[in-house]
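Please open the structure in your viewer and keep the selection panel at hand. The tour below goes from one selection to the next.

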Amino acid sequence: MRLELAQRVALLVSVVVGVTALAVGASVSRVAALGPAWVLVVGVLVATGCVVGGHALARWWIGAWLGSLRAISEEIRSGRSGVAVAPDLAALVRAANERASRWDAERDALDARLRLLEDWLECTPDGVLVVDRDGTVAVSNQALREMFRMRPGGAGVAVLEAVRSIEVHDAAVAALRGAPFGPIAVVLEHRDLAVRGYPFSGGGFVLVHDMTDQRRLERARSAFVANVSHELRTPLASIAGWTEALLDQPLPDEARPRAEAIARGASRLRALFEDLLELVRIESRTSDVPLVPLALWPVLEDAALPSVEAALDKDQEFVMDGPEGTFVRGNAEAIRVIVRNLTSNAVRYTQRGGHISLTVEALGAEVVVRVRDDGLGIAPEHHERVFERFYRVDEGRSREEGGTGLGLAIVKHLAQATAARVTLTSALGHGATFSLYLPAADRPEPWR
Amino acid sequence: MVTSSQRQDEERRAAIRQSVLEMGVRAEAMIRMAVRSVIDRDLPLGRRVIASDEELDRLERLVDARCLEFLAARPPVASELRFGTITMKIVTDLERIGDLAVGIAERGLELGTGRGLEPDAEIQQMSVLVAEMVRAATDAYGSSDGHDGLRLRDMDKRIDALDLALQRRLLSLMIAHPDQAPRGLSLVTVVHRLERAADHAVNIGELVAFAALGHDPRHRARS
């Protein structure tokens with residue numbers, strides 16, 4: 001902008017000077033009494049000289065401008081300052097240099113962040129694989145390379161060529177299609193891994209978590225409990241059997257109550273082991289309970305029968321009520337165990353002559369089975385914990401009543417494994433209501 | 001100079017190799033999972049093996065179709081003919097390995113979650129070896145390395161030794177604990193299927209050797 005102005009001013013000045021010179025030449029030639037032809041010749045000569053001179057002047061000026069601009073750009077490039085330039089240009093230089101040093105600082109900060117992310121990625125214990133849109137590996141970390149014994153490098157090749165795992169491949173494919181994947185187990189010789197895939201704007205992201213220790217602990221625990229229960233049940237069978245045989249014989253007066261105490265203890269122990277085994281069985285197959293549409297009432301009646309008999313013994317009223325022809329989606333065996341536990345608890349913790357009800361109600365997409373009693377009730381602070389193993393609201397009382405402390409833990413696990421849920425409403429002194437929510441189902445198609 | 005038809009050929013081959021690689025990795029994973037499902041009584045894992053066979057079958061059909069396309073594109077020269085026909089045989093072997101894994105998983109489902117006396121560690125060891133052989137066979141195909149392909153025969157000798165030892169071990173267990181005989185018989189079947197899966201891996205190695213070296217090593221005395 002300034003350059004153009006300078007050039008124009010220079011030309012204008014040279015033209016004005018030329019015209020003036022033409023006029024001066026004319027008056028000089030008139031004084032010297034020359035003819036008009038001479039006036040013209042002298043005028044043109046003087047004017048030409050002025051224009052040429054003015055132009056040279058303008059070029060020199062522009063050259064000087066360009067020279068200082070070169071100096072400025074050199075200065076900006078090198079980041080130095082202090083080259084002698086005109087004061088207004090020095091401000092430009094300063095501004096440019098300031099901007100440049102800010103960029104440098106920002107770039108350094110970004111580099112540091114990137115290094116931090118890379119370091120974090122490398123030392124994170126989960127395997128990470130980032131896949132480009134074209135299905136090739138963009139980034140992998142140390143943990144992943146170790147898990148799958150990958151060769152170093154591997155960026156830019158197809159996922160399957162870098163990582164010999166069909167699960168990682170499937171996770172990447174799903175993520176690239178925009179669908180989250182997994183978790184799915186990978187079975188390797190000495191490791192148990194869980195693979196997940198996630199889509200993101202730049203492609204797919206695969207996360208591999210090492211479950212080896214967790215799985216080993218689970219396996220050890222299940223095997224231990226199963227073995228212990230098995231080993232304990234064998235001697236228990238002979239204790240219970242021989243005590244029963246003793247009780248069939250005439251016994252001295254003081255010996256009979258003792259033998260009866262042994263028999264009661266043995267029967268409680270047996271109930272405990274059965275529950276313990278049941279719990280281990282449920283926990284080891286949580287993902288594997290088949291769910292089918294089924295008629296609810298036959299299952300409920302079957303499950304409640306022992307409790308109805310027990311309630312008769314305690315002079316309690318046991319009522320069952322609800323619409324016929326209710327169908328739910330669930331597992332008959334699981335519902336049976338849940339309801340058996342809930343009703344036997346109700347009978348156990350309700351006083352003689354109390355009232356117990358088992359009702360069914362359809363609530364839209366759900367069917368709720370309620371087991372209600374008017375017994376002692378459970379204070380709200382215990383509501384969360386009663387579903388824990390061996391948690392007892394009243395240690396002495398439940399022992400006296402013969403509970404194992406595992407019933408509600410079994411109920412909770414079975415409900416979780418069968419798309420159902422159990423809730424508790426109760427207040428101390430006002431009885432308790434356990435509600436089992438089951439997904440409703442249509443009547444199954446009859447066989448043809 | 002690379003013509004466009006040569007480039008197209010190269011792309012076709014790469015696509016076929018990629019699918020065979022996927023089949024190999026899938027079959028290898030199926031063997032690992034099947035044996036693990038038997039040893040850990042992991043019924044959902046067993047079901048996963050059975051379900052994943054479908055994908056292996058799909059890939060086999062896909063590779064077969066692509067090979068036919070590859071061969072029909074122009075009159076093939078000897079190496080192209082070997083590549084196409086041998087690939088079609090290899091995917092049959094891989095598919096058979098998948099079927100054997102399914103058979104093992106089905107045995108696991110039959111056995112259920114019960115416990116018994118069994119040589120878990122040895123069966124696990126054998127399955128690891130077989131899975132490694134499937135991987136080695138797939139790798140040999142991927143790199144067209146005939147010598148790597150022939151090396152599978154040596155690995156198979158260890159499988160045969162393990163097979164024999166395990167059969168004897170299971171037999172003596174069954175004699176000592178007749179109540180465990182049904183379980184023992186199922187495990188004999190599992191071991192036998194592993195041994196056959198290893199044989200299919202050896203087959204693949206020999207086919208790779210034929211495609212790469214040009215002479216057929218099959219049915220020669222295995223020294």
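A salt bridge here is a side-chain nitrogen of Lys or Arg within 4 Å of a carboxyl oxygen of Asp or Glu. By that rule, six salt bridges cross the interface of chain A and chain B. Keep in mind that this is a predicted model.

Select B:D42 and A:R215 next. These two residues form a salt bridge, with their closest N and O atoms 3.7 Å apart.

On the side of chain A that touches chain B, at least two residues each come from α5 (159-162), α6 (166-176), β3 (181-187) and α7 (212-247) of chain A. Colour α6(A) separately: with four residues, α6(A) gives the largest share of that side. By type, the residues on the side of chain A that touches chain B are ten charged, seven nonpolar and three polar.

Next, select the whole contact. Chain A brings 20 residues to it and chain B brings 21 residues. Between them, chain A and chain B bury about 2000 Å², of which 48% lies on carbon and sulfur atoms. Polar contacts can be displayed too: seven residue pairs across the interface of chain A and chain B are in polar contact, both residues at pLDDT 80 or more.

Finish with the cysteines. How many disulfides does the structure hold over all chains? The count is zero. Select A:C123, which counts as exposed because its relative accessibility is 60%, above the 50% cut-off. Then go to B:C67, which is buried, its relative accessible area being 0%.

Technical notes
Residues are numbered from 1 along each chain as its sequence is written. Chains are lettered from A and ligands numbered from 1 in the order in which they are written. This is a predicted model: local features need pLDDT of at least 70, side-chain atom pairs count only at pLDDT 80 or more; totals for chains, interfaces and linings use all residues. Side-chain values use heavy atoms; hydrogens and water are left out. A disulfide is a pair of cysteine sulfur atoms within 2.5 Å. Buried means under 20% relative accessible area, exposed over 50%, partly exposed in between (1.4 Å probe, protein chains only). Contact means heavy atoms within 4.5 Å. Buried area is the accessible area (1.4 Å probe) that two parts lose on being put together, summed over both. A polar contact is a pair of N or O atoms within 3.5 Å; within protein, one must be able to donate a hydrogen and the other to accept it, and residues adjacent in sequence count only if both atoms are side-chain atoms. Ala, Val, Leu, Ile, Met, Phe, Trp, Tyr, Cys and Pro count as nonpolar, Asp, Glu, Lys and Arg as charged, and the others, Gly among them, as polar.
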